[in-house]
Amino acid sequence: MSSNVFVELKTPVTGTYKQPTGLFINNEFVEGVDKKTFEVINPATEEVICSVHEATEKDVDIAVAAARKAFEGVWRDVTPQQRGIYLLKLADLLEKNLDLLAAVESLDNGKSITMARGDVGAVVGTIRYYGGWADKIEGKTIDISPDSFHYTRQEPLGVCGQIIPWNFPLLMLAWKVGPALATGNTIVMKTAEQTPLSALVFAQFVKEAGFPPGVLNIISGFGRIAGAAMASHMDIDKVAFTGSTMVGRQIMKAAAESNLKKVTLELGGKSPNIIFNDADIDQAIDWVNFGIYFNHGQTCCAGSRVYVQEGIYDKFVAAFKQRAQQNKVGDPFHDETFQGPQVSQLQYDRIMGYIKAGKEEGATVETGGERHGDKGYFIQPTIFTNVRHDMKIMKEEIFGPVCAVAKFSTEEEVIKLGNDSNYGLAAAVHTKDLNTAIRVSNHLRAGTVWVNTYNALHHQLPFGGYKESGIGRELGEAALANYTQCKSVAIKLN
């Protein structure tokens with residue numbers, strides 16, 4: 001193992017630690033074939049953290065070959081029970097090293113240390129959950145005639161390429177590797193180029209948990225190079241992607257034009273958050289605040305379209321403005337920080353461009369709308385009112401701490417408004433009337449609808465989108481279907 005694939009780093013939480021910087025292939029950290037590296041930037045300081053090795057098409061080929069060899073060799077002979085044991089051991093190691101993983105996540109991504117700890121806790125829960133599923137993947141017997149025997153098997157797809165985003169680096173990794181490994185697949189995982197560090201720390205525990213070489217390979221690289229190579233690779237059987245709808249379309253096209261590999265996509269969103277006159281206003285404001293500003297607004301299911309019924313609109317806007325101004329924006333490693341920086345200069349500029357467009361189109365900035373501080377990619381929590389439904393800030397995914405508040409009169413009107421989007425990832429309803437909650441939830445075209453809460457995600461609960469928000473489901477039992485295929489066996493009896 002080369003000394004060029006580790007570097008000493010320091011966080012305020014853990015002190016000095018050894019950060020892997022190589023590509024994790026066959027249970028070892030290695031340099032890329034072309035010896036290319038790229039810098040990782042701290043979004044809170046705009047300073048370089050370190051450089052990591054960049055995977056090119058050649059490295060993707062090597063990682064896929066390792067995954068194929070493992071799938072057709074040692075991993076095929078591992079029992080479902082043993083797969084579960086590996087996953088449970090991995091979950092225990094992650095839990096033991098929760099503070100380290102959370103600190104690296106905060107350093108790399110900019111999210112507050114409190115939220116990062118929550119993320120890693122959810123990672124542990126997800127891996128442990130799918131460890132429990134590993135020996136419960138079952139087929140069926142089908143009684144067709146007395147002179148034959150028929151049964152089905154749920155078999156793994158093979159080598160899975162997985163491409164994750166930068167907003168929840170460890171959590172998105174867990175959402176994908178958990179069901180894929182539980183069902184007997186092998187993996188080549190590409191992390192986002194903005195946030196490769198925590199996944200490389202995670203990789204150390206994969207080896208320690210006892211997974212055979214080649215079962216889970218983790219590479220750092222750019223979407224246009226390594227990601228594109230994975231989407232079009234002829235020896236990858238399935239690709240799973242979380243990210244923008246635009247890139248999802250490109251991946252689906254590449255998958256179709258190569259070997260017609262299976263595809264699951266968790267894409268963008270522009271989720272409606274609906275508050276009725278009878279809602280508990282204080283409670284609703286807390287959840288609306290959490291729904292948009294959680295994770296700096298960099299959440300695919302963020303409640304960025306807030307619809308408030310006319311009877312409480314003025315009171316709600318005044319109170320929501322006050323609540324948003326209380327959010328602590330600043331150093332991710334301060335325990336009281338709620339909102340850290342945006343992940344990159346590119347993302348900061350994109351969000352500020354939407355804020356500028358909102359102002360130019362005539363919307364009113366109730367609060368925020370400017371940079372926070374003079375260092376780091378920080379943006380003030382922003383609320384727009386007096387918005388029209390044809391404005392960019394109401395139509396397009398901003399992926400930042402920006403929401404638009406609009407007034408509605410009737411239930412029928414707000415259902416129509418809520419569904420007036422190309423997306424359909426999530427939605428929320430705030431009301432004390434159970435009939436209203438169920439009726440509106442059933443009419444909203446979204447993969448998840450929250451009632452009197454927001455961002456209530458859990459590893460047992462399926463998550464995914466309608467319309468242009470994606471294909472397939474993450475989490476819960478539903479995710480297992482993304483990584484298995486059904487084989488029918490028909491036996492003629494003598």
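Domain bounds here come from an automatic or database domain assignment, and the model is predicted.

Q: Which residue ranges make up domain 1 in the domain assignment?
A: The assignment gives domain 2 as 271-451.

Q: How many residues does domain 2 bring to the contact with domain 1?
A: The centres of the two domains, taken over C-alpha atoms, are separated by 31 Å. Domain 1 puts 29 residues into the contact. From domain 2 the number is 27.

Q: Which residues of domain 1 lose the most area to domain 2?
A: Between them the domains bury about 2200 Å², with 63% of it on carbon and sulfur atoms. On the domain 1 side, three residues together account for 25% of what that side buries. They are Glu46, Met115 and Trp166.

Q: At what angle do the axes of helix α13 and helix α14 cross?
A: Helix α13 covers residues 411-419 and helix α14 residues 434-443. Their crossing is right-handed. In the contact, α13 uses Glu411, Ile415 and Asn419, and α14 uses Thr436, Arg439, Val440 and His443. The axes come within 10 Å, and the angle is roughly 35 degrees.

Q: Why is helix α6 largely enclosed by the rest of the structure?
A: Buried means under 20% relative accessible area. Helix α6 spans residues 197-208 and is largely enclosed because its buried residues number nine of the 12.

Q: Which residue with positive phi follows α6?
A: The phi in question is near 100 degrees. The residue is Gly210.

Conventions. Residues are numbered from 1 along each chain as its sequence is written. This is a predicted model: local features need pLDDT of at least 70, side-chain atom pairs count only at pLDDT 80 or more; totals for chains, interfaces and linings use all residues. Side-chain values use heavy atoms; hydrogens and water are left out. Buried means under 20% relative accessible area, exposed over 50%, partly exposed in between (1.4 Å probe, protein chains only). Helices (H or I, at least four residues) and strands (E, at least two) are DSSP runs, numbered from the N terminus. Axes are lines fitted to C-alpha atoms, for helices over the stretch in contact, and angles run from 0 to 180 degrees between N-to-C directions. A crossing is left-handed if the near helix is turned anticlockwise from the far one by less than a right angle, and right-handed if clockwise. Contact means heavy atoms within 4.5 Å. Buried area is the accessible area (1.4 Å probe) that two parts lose on being put together, summed over both.
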